[in-house]
Amino acid sequence: MMIPTIPTPDELLDKGFRRGKKAADLARTSKIPRHLKSKRIEETRVITACQVIKDRIKMILDRVPDIETLPEFYQDYIDITVGVDEMKKALGALNWAYGIITQLEKDYSSRIRRSSPEKASTLQKQAYGRIASVVNKIKKDLDFLDFAKANLRNMPTIDFEATTIVIAGFPNVGKSTLLRQITDATPEVANYPFTTKGIQIGHLERNWKKIQIIDTPGLLDRPILDMNEIELNAMVALEHLADAIFFIIDVSETCGFSIESQFNLSYEIKRIFDVPMVYLFNKIDIADVNKNTNEKLKSESDESESDISYLNGLEETDDYLFISAYEGKGIEDIISKLSSIRKIERNKNEDMEFY
(Lines give C-alpha, C1' and ligand atoms only; values in the text may rest on other atoms or scores of the structure.)
Protein backbone atom coordinates (compact mmCIF):
# COMPACT_ATOMS: atom_id res chain seq x y z
CA MET A 1 0.00 0.00 0.00
CA MET A 2 1.50 3.31 -1.10
CA ILE A 3 1.50 5.56 1.96
CA PRO A 4 3.78 8.62 1.56
CA THR A 5 6.52 9.47 4.04
CA ILE A 6 4.88 10.60 7.27
CA PRO A 7 6.51 13.58 9.04
CA THR A 8 6.69 14.04 12.79
CA PRO A 9 4.91 17.09 14.27
CA ASP A 10 8.30 18.79 14.72
CA GLU A 11 9.22 18.16 11.08
CA LEU A 12 5.86 19.44 9.90
CA LEU A 13 6.08 22.61 11.99
CA ASP A 14 9.73 23.23 11.18
CA LYS A 15 9.07 23.07 7.45
CA GLY A 16 6.03 25.34 7.68
CA PHE A 17 7.71 27.93 9.89
CA ARG A 18 10.93 27.97 7.86
CA ARG A 19 9.00 28.55 4.66
CA GLY A 20 6.99 31.21 6.47
CA LYS A 21 10.21 33.02 7.45
CA LYS A 22 11.52 32.94 3.88
CA ALA A 23 8.26 34.35 2.56
CA ALA A 24 8.33 37.05 5.24
CA ASP A 25 11.91 37.98 4.30
CA LEU A 26 10.86 38.43 0.68
CA ALA A 27 7.94 40.60 1.76
CA ARG A 28 10.33 42.69 3.84
CA THR A 29 12.32 43.62 0.73
CA SER A 30 9.27 44.54 -1.32
CA LYS A 31 8.17 48.11 -1.92
CA ILE A 32 5.22 48.48 0.44
CA PRO A 33 4.18 51.63 2.34
CA ARG A 34 5.87 51.71 5.76
CA HIS A 35 2.61 51.68 7.72
CA LEU A 36 1.50 48.50 5.87
CA LYS A 37 4.79 46.62 5.60
CA SER A 38 4.92 45.11 9.11
CA LYS A 39 1.37 43.83 8.76
CA ARG A 40 2.06 42.41 5.30
CA ILE A 41 5.20 40.64 6.57
CA GLU A 42 3.39 38.92 9.45
CA GLU A 43 0.33 38.10 7.36
CA THR A 44 2.56 36.51 4.73
CA ARG A 45 4.40 34.54 7.41
CA VAL A 46 1.16 33.08 8.79
CA ILE A 47 -0.43 32.34 5.42
CA THR A 48 2.69 30.63 4.06
CA ALA A 49 3.23 28.51 7.16
CA CYS A 50 -0.40 27.38 7.12
CA GLN A 51 -0.35 26.56 3.42
CA VAL A 52 2.88 24.53 3.65
CA ILE A 53 1.54 22.47 6.58
CA LYS A 54 -1.84 22.03 4.90
CA ASP A 55 -0.23 20.93 1.63
CA ARG A 56 1.74 18.22 3.41
CA ILE A 57 -1.33 16.97 5.25
CA LYS A 58 -3.41 17.01 2.05
CA MET A 59 -0.74 15.02 0.21
CA ILE A 60 -1.04 12.29 2.82
CA LEU A 61 -4.84 12.30 2.68
CA ASP A 62 -4.87 12.22 -1.13
CA ARG A 63 -2.32 9.42 -1.49
CA VAL A 64 -3.80 7.02 1.03
CA PRO A 65 -6.54 5.08 -0.82
CA ASP A 66 -10.11 5.21 0.46
CA ILE A 67 -10.25 1.91 2.33
CA GLU A 68 -13.96 1.34 1.70
CA THR A 69 -13.42 1.42 -2.09
CA LEU A 70 -10.73 -1.28 -1.99
CA PRO A 71 -11.49 -4.95 -2.75
CA GLU A 72 -12.46 -6.93 0.33
CA PHE A 73 -9.15 -8.77 0.31
CA TYR A 74 -7.27 -5.52 0.90
CA GLN A 75 -9.75 -4.27 3.47
CA ASP A 76 -9.30 -7.43 5.50
CA TYR A 77 -5.53 -7.42 4.98
CA ILE A 78 -5.30 -3.86 6.32
CA ASP A 79 -7.60 -4.72 9.23
CA ILE A 80 -5.49 -7.74 10.19
CA THR A 81 -2.18 -5.94 9.82
CA VAL A 82 -2.81 -2.49 11.33
CA GLY A 83 -6.56 -2.13 11.91
CA VAL A 84 -9.08 -0.47 9.59
CA ASP A 85 -10.77 1.50 12.38
CA GLU A 86 -7.43 2.83 13.60
CA MET A 87 -6.49 3.81 10.06
CA LYS A 88 -9.77 5.66 9.53
CA LYS A 89 -9.40 7.41 12.90
CA ALA A 90 -5.88 8.59 12.06
CA LEU A 91 -6.92 9.90 8.65
CA GLY A 92 -9.94 11.58 10.23
CA ALA A 93 -7.63 13.35 12.70
CA LEU A 94 -5.49 14.67 9.84
CA ASN A 95 -8.62 15.89 8.06
CA TRP A 96 -9.66 17.66 11.26
CA ALA A 97 -6.24 19.32 11.55
CA TYR A 98 -6.43 20.45 7.92
CA GLY A 99 -9.79 22.12 8.58
CA ILE A 100 -8.66 23.86 11.77
CA ILE A 101 -5.46 25.19 10.19
CA THR A 102 -7.49 26.47 7.22
CA GLN A 103 -9.69 28.37 9.66
CA LEU A 104 -6.69 29.71 11.60
CA GLU A 105 -5.14 30.94 8.36
CA LYS A 106 -8.33 32.77 7.45
CA ASP A 107 -8.93 34.21 10.93
CA TYR A 108 -5.40 35.43 11.69
CA SER A 109 -4.66 36.84 8.25
CA SER A 110 -7.86 38.89 8.59
CA ARG A 111 -7.04 39.98 12.15
CA ILE A 112 -3.49 41.01 11.18
CA ARG A 113 -4.77 43.07 8.26
CA ARG A 114 -7.21 44.90 10.56
CA SER A 115 -4.74 45.38 13.42
CA SER A 116 -2.32 48.16 14.12
CA PRO A 117 1.29 47.68 12.88
CA GLU A 118 2.50 47.32 16.48
CA LYS A 119 0.14 44.42 17.18
CA ALA A 120 0.86 42.41 13.99
CA SER A 121 3.87 40.59 15.44
CA THR A 122 1.92 39.58 18.56
CA LEU A 123 -0.90 38.16 16.47
CA GLN A 124 1.59 36.23 14.30
CA LYS A 125 3.14 34.60 17.38
CA GLN A 126 -0.33 33.83 18.66
CA ALA A 127 -1.21 32.18 15.34
CA TYR A 128 1.97 30.10 15.41
CA GLY A 129 1.14 28.92 18.90
CA ARG A 130 -2.34 27.82 17.81
CA ILE A 131 -0.93 26.07 14.72
CA ALA A 132 1.66 24.21 16.81
CA SER A 133 -1.03 23.12 19.26
CA VAL A 134 -3.16 21.65 16.45
CA VAL A 135 -0.24 19.79 14.85
CA ASN A 136 0.92 18.37 18.18
CA LYS A 137 -2.58 17.04 18.84
CA ILE A 138 -2.25 14.70 15.84
CA LYS A 139 1.13 13.29 16.93
CA LYS A 140 -0.25 9.86 17.77
CA ASP A 141 -2.11 9.79 14.45
CA LEU A 142 1.03 10.64 12.49
CA ASP A 143 2.89 7.98 14.47
CA PHE A 144 0.21 5.43 13.60
CA LEU A 145 0.35 6.25 9.89
CA ASP A 146 4.12 5.87 9.97
CA PHE A 147 3.61 2.46 11.61
CA ALA A 148 1.03 1.56 8.94
CA LYS A 149 3.39 2.62 6.15
CA ALA A 150 6.08 0.28 7.46
CA ASN A 151 3.72 -2.66 7.94
CA LEU A 152 1.78 -2.29 4.68
CA ARG A 153 4.82 -1.65 2.50
CA ASN A 154 4.90 -5.27 1.31
CA MET A 155 1.18 -5.75 0.83
CA PRO A 156 0.79 -8.27 -2.01
CA THR A 157 -0.37 -7.03 -5.41
CA ILE A 158 -3.29 -9.18 -6.51
CA ASP A 159 -4.52 -9.68 -10.08
CA PHE A 160 -8.28 -9.97 -9.60
CA GLU A 161 -8.79 -10.92 -13.24
CA ALA A 162 -6.68 -14.07 -13.02
CA THR A 163 -7.88 -17.49 -11.90
CA THR A 164 -6.46 -17.85 -8.42
CA ILE A 165 -5.19 -21.02 -6.79
CA VAL A 166 -4.30 -20.91 -3.12
CA ILE A 167 -1.76 -23.42 -1.85
CA ALA A 168 -2.60 -24.43 1.70
CA GLY A 169 -1.38 -26.86 4.31
CA PHE A 170 0.68 -27.17 7.47
CA PRO A 171 4.13 -25.55 7.76
CA ASN A 172 7.01 -27.32 6.00
CA VAL A 173 4.87 -29.51 3.73
CA GLY A 174 6.43 -28.01 0.58
CA LYS A 175 4.20 -25.08 -0.36
CA SER A 176 6.97 -22.65 -1.24
CA THR A 177 8.91 -25.33 -3.10
CA LEU A 178 5.86 -26.15 -5.21
CA LEU A 179 5.21 -22.48 -6.00
CA ARG A 180 8.77 -22.09 -7.21
CA GLN A 181 8.44 -25.16 -9.41
CA ILE A 182 5.29 -24.12 -11.25
CA THR A 183 5.55 -20.31 -11.50
CA ASP A 184 8.02 -17.50 -11.98
CA ALA A 185 8.03 -16.65 -8.27
CA THR A 186 11.13 -17.11 -6.12
CA PRO A 187 9.78 -17.48 -2.56
CA GLU A 188 12.14 -18.13 0.32
CA VAL A 189 12.70 -21.86 0.68
CA ALA A 190 15.04 -23.60 3.11
CA ASN A 191 15.95 -27.20 3.84
CA TYR A 192 15.38 -26.79 7.57
CA PRO A 193 12.11 -26.31 9.50
CA PHE A 194 10.76 -23.06 8.11
CA THR A 195 7.40 -21.33 7.98
CA THR A 196 6.67 -18.84 5.20
CA LYS A 197 6.53 -15.36 6.72
CA GLY A 198 4.10 -13.81 4.27
CA ILE A 199 1.96 -14.37 1.21
CA GLN A 200 4.06 -15.27 -1.85
CA ILE A 201 2.57 -14.93 -5.35
CA GLY A 202 3.55 -16.45 -8.69
CA HIS A 203 1.96 -16.25 -12.14
CA LEU A 204 1.74 -18.37 -15.26
CA GLU A 205 -0.33 -18.58 -18.42
CA ARG A 206 -1.94 -21.72 -19.78
CA ASN A 207 -3.76 -21.61 -23.12
CA TRP A 208 -4.06 -17.80 -22.88
CA LYS A 209 -5.51 -18.15 -19.41
CA LYS A 210 -3.90 -16.09 -16.62
CA ILE A 211 -3.36 -18.13 -13.49
CA GLN A 212 -2.25 -16.74 -10.15
CA ILE A 213 -0.76 -19.08 -7.54
CA ILE A 214 -0.64 -17.93 -3.94
CA ASP A 215 1.49 -19.60 -1.29
CA THR A 216 -0.13 -18.99 2.08
CA PRO A 217 1.71 -18.98 5.39
CA GLY A 218 1.62 -22.26 7.28
CA LEU A 219 -1.81 -22.78 8.74
CA LEU A 220 -2.03 -24.28 12.19
CA ASP A 221 -4.80 -26.60 13.26
CA ARG A 222 -6.53 -24.39 15.80
CA PRO A 223 -9.54 -22.02 16.00
CA ILE A 224 -9.43 -18.92 13.82
CA LEU A 225 -9.71 -16.65 16.86
CA ASP A 226 -6.45 -18.11 18.16
CA MET A 227 -4.56 -17.55 14.92
CA ASN A 228 -1.75 -15.04 14.69
CA GLU A 229 -1.46 -12.30 12.06
CA ILE A 230 0.38 -14.45 9.54
CA GLU A 231 -2.20 -17.22 9.77
CA LEU A 232 -5.09 -14.78 9.47
CA ASN A 233 -3.57 -13.37 6.29
CA ALA A 234 -3.71 -16.87 4.85
CA MET A 235 -7.37 -17.25 5.78
CA VAL A 236 -8.13 -13.90 4.12
CA ALA A 237 -6.48 -15.14 0.94
CA LEU A 238 -8.55 -18.31 1.02
CA GLU A 239 -11.81 -16.46 1.67
CA HIS A 240 -11.60 -13.70 -0.91
CA LEU A 241 -9.26 -14.98 -3.59
CA ALA A 242 -9.40 -18.73 -4.02
CA ASP A 243 -11.04 -20.24 -7.08
CA ALA A 244 -9.60 -23.54 -5.88
CA ILE A 245 -7.42 -24.76 -3.02
CA PHE A 246 -4.45 -27.02 -3.62
CA PHE A 247 -4.01 -28.66 -0.24
CA ILE A 248 -0.63 -30.30 0.31
CA ILE A 249 -0.38 -33.44 2.42
CA ASP A 250 3.14 -34.40 3.49
CA VAL A 251 2.88 -38.19 3.29
CA SER A 252 6.35 -38.57 4.83
CA GLU A 253 5.20 -36.67 7.95
CA THR A 254 8.64 -35.02 8.09
CA CYS A 255 6.83 -31.70 8.49
CA GLY A 256 6.16 -32.75 12.06
CA PHE A 257 2.42 -33.32 11.68
CA SER A 258 0.64 -36.63 11.21
CA ILE A 259 -1.30 -37.38 8.06
CA GLU A 260 -4.45 -37.54 10.14
CA SER A 261 -3.84 -34.03 11.52
CA GLN A 262 -3.21 -32.75 8.01
CA PHE A 263 -6.49 -34.24 6.78
CA ASN A 264 -8.33 -32.72 9.75
CA LEU A 265 -7.01 -29.30 8.78
CA SER A 266 -8.16 -29.78 5.19
CA TYR A 267 -11.67 -30.74 6.39
CA GLU A 268 -11.82 -27.56 8.50
CA ILE A 269 -10.83 -25.44 5.49
CA LYS A 270 -13.38 -27.20 3.27
CA ARG A 271 -16.06 -26.57 5.89
CA ILE A 272 -15.33 -22.84 5.98
CA PHE A 273 -14.58 -22.13 2.32
CA ASP A 274 -16.87 -23.39 -0.41
CA VAL A 275 -14.34 -23.80 -3.23
CA PRO A 276 -12.97 -26.92 -4.97
CA MET A 277 -10.06 -28.61 -3.23
CA VAL A 278 -7.35 -30.69 -4.88
CA TYR A 279 -5.14 -32.84 -2.65
CA LEU A 280 -1.44 -32.97 -3.50
CA PHE A 281 0.27 -35.86 -1.73
CA ASN A 282 3.83 -34.55 -1.51
CA LYS A 283 7.24 -36.04 -0.62
CA ILE A 284 6.40 -39.39 -2.16
CA ASP A 285 10.13 -39.85 -2.73
CA ILE A 286 10.78 -40.14 1.00
CA ALA A 287 7.44 -41.44 2.24
CA ASP A 288 7.58 -44.40 4.60
CA VAL A 289 4.78 -46.48 3.09
CA ASN A 290 4.15 -50.17 2.87
CA LYS A 291 6.04 -52.25 0.32
CA ASN A 292 3.16 -52.71 -2.12
CA THR A 293 2.39 -48.99 -2.24
CA ASN A 294 6.09 -48.16 -2.62
CA GLU A 295 6.25 -50.40 -5.64
CA LYS A 296 3.26 -48.60 -7.12
CA LEU A 297 4.73 -45.15 -6.53
CA LYS A 298 8.09 -46.14 -8.04
CA SER A 299 6.42 -47.40 -11.19
CA GLU A 300 5.93 -44.59 -13.69
CA SER A 301 3.19 -46.49 -15.46
CA ASP A 302 1.23 -47.23 -12.33
CA GLU A 303 1.66 -43.89 -10.58
CA SER A 304 -1.44 -42.31 -12.15
CA GLU A 305 -3.51 -45.30 -11.04
CA SER A 306 -2.35 -45.19 -7.40
CA ASP A 307 -4.99 -44.91 -4.73
CA ILE A 308 -4.68 -43.57 -1.21
CA SER A 309 -5.32 -46.81 0.64
CA TYR A 310 -1.96 -46.44 2.36
CA LEU A 311 -3.39 -43.51 4.33
CA ASN A 312 -4.79 -45.92 6.88
CA GLY A 313 -8.43 -45.71 5.88
CA LEU A 314 -8.75 -41.94 6.06
CA GLU A 315 -11.54 -40.36 4.03
CA GLU A 316 -10.81 -40.71 0.33
CA THR A 317 -11.01 -37.99 -2.25
CA ASP A 318 -11.54 -38.13 -5.99
CA ASP A 319 -9.35 -35.14 -6.80
CA TYR A 320 -5.73 -35.81 -5.89
CA LEU A 321 -2.22 -36.10 -7.31
CA PHE A 322 0.97 -37.74 -6.07
CA ILE A 323 3.95 -35.40 -6.33
CA SER A 324 7.45 -34.66 -5.19
CA ALA A 325 7.78 -30.88 -5.27
CA TYR A 326 11.47 -31.07 -4.40
CA GLU A 327 12.30 -33.41 -7.29
CA GLY A 328 9.77 -31.87 -9.69
CA LYS A 329 7.70 -35.05 -10.03
CA GLY A 330 4.06 -34.54 -10.94
CA ILE A 331 4.50 -30.86 -11.84
CA GLU A 332 3.13 -31.31 -15.37
CA ASP A 333 0.07 -33.04 -13.92
CA ILE A 334 -0.49 -30.06 -11.63
CA ILE A 335 -0.19 -27.58 -14.51
CA SER A 336 -2.71 -29.62 -16.51
CA LYS A 337 -5.04 -29.59 -13.52
CA LEU A 338 -4.77 -25.78 -13.38
CA SER A 339 -6.31 -25.53 -16.86
CA SER A 340 -9.54 -27.10 -15.64
CA ILE A 341 -10.07 -24.68 -12.72
CA ARG A 342 -12.86 -22.18 -13.38
CA LYS A 343 -12.90 -18.66 -12.01
CA ILE A 344 -15.54 -17.97 -9.39
CA GLU A 345 -17.60 -14.83 -9.99
CA ARG A 346 -17.56 -12.58 -6.94
CA ASN A 347 -18.84 -9.12 -6.03
CA LYS A 348 -17.88 -6.39 -8.45
CA ASN A 349 -15.67 -4.56 -5.98
CA GLU A 350 -13.55 -7.68 -5.58
CA ASP A 351 -12.72 -7.62 -9.29
CA MET A 352 -11.07 -4.20 -9.07
CA GLU A 353 -7.36 -3.83 -9.81
CA PHE A 354 -5.39 -2.29 -6.96
CA TYR A 355 -2.68 0.26 -7.61
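## First stop: a serine side chain

Select S109 and show its side chain, which reaches the backbone oxygen of E105 at 2.8 Å; this is a polar contact, meaning a pair of N or O atoms within 3.5 Å, where within protein one must be able to donate a hydrogen and the other to accept it, and where residues adjacent in sequence count only if both atoms are side-chain atoms. Before going further, note that this is a predicted model, in which local features need pLDDT of at least 70 and side-chain atom pairs count only at pLDDT 80 or more, while totals for chains, interfaces and linings use all residues. Residues are numbered from 1 along each chain as its sequence is written, and side-chain values use heavy atoms, with hydrogens and water left out.

S109 lies in helix α4, residues 84–114; helices (H or I, at least four residues) and strands (E, at least two) are DSSP runs, numbered from the N terminus. Because its relative accessibility is 7%, S109 counts as buried, a term that means under 20% relative accessible area, with exposed meaning over 50% and partly exposed in between (1.4 Å probe, protein chains only).

## The whole chain and its core

Zoom out to the whole chain, whose secondary structure comes to 12 helices and six strands. Of its 355 residues, 49% count as buried, and among contacts between residues at least 6 apart in sequence, 74% join residues at least 24 apart.

Next select F73, M87 and L178, which have the most contacts inside the largest nonpolar core, a group of 97 residues. Helix α4 gives the most to this core, with 11 residues. A nonpolar core here is a set of buried Ala, Val, Leu, Ile, Met, Phe, Trp, Tyr and Cys residues joined through side-chain atoms within 4.5 Å. In soluble globular proteins, nonpolar side chains tend to be buried together.

## A tyrosine and a helix

Move to Y74, found in helix α3 (residues 72–81), which counts as buried because its relative accessible area is 0%. Its side chain reaches the backbone nitrogen of I158 at 2.9 Å. If you also select H240, you will find its C-alpha atom separated by 9.4 Å from that of Y74, although the two residues are 166 apart along the chain.

Then select helix α5, residues 117–137, whose 21 residues should span 30 Å at 1.5 Å a residue, and whose end C-alpha atoms are 31 Å apart, which agrees; the expected span is 1.5 Å times one less than the number of residues. Colour the buried residues of α5, among them A120, L123, Q124, A127, Y128 and I131. An α-helix has 3.6 residues a turn, so residues three or four places apart point the same way.

Select strand β2 (residues 200–206) together with strand β3 (residues 209–215), which pair in the antiparallel sense over seven bridges; two strands pair if DSSP finds at least two bridges between them. Q200 stands opposite D215 in β3, and E205 has K210 as its bridge partner in β3. Strand β3 is mostly covered, with five of its seven residues buried.

Most residues other than glycine have a negative phi, and most peptide bonds are trans. N207 is exposed because its relative accessible area is 60%.

## Last stop: another loop, and the cysteines

Go to E253 in the loop between β4 (244–250) and α9 (259–272); E253 has a positive phi of about 60° and is not a glycine. At 36% relative accessibility, E253 counts as partly exposed.

Finally, select C50, buried at 0% relative accessibility, and C255, buried with a relative accessible area of 7%. The model has a count of zero disulfides, a disulfide being a pair of cysteine sulfur atoms within 2.5 Å.

Terms used:
Contact = heavy atoms within 4.5 Å.
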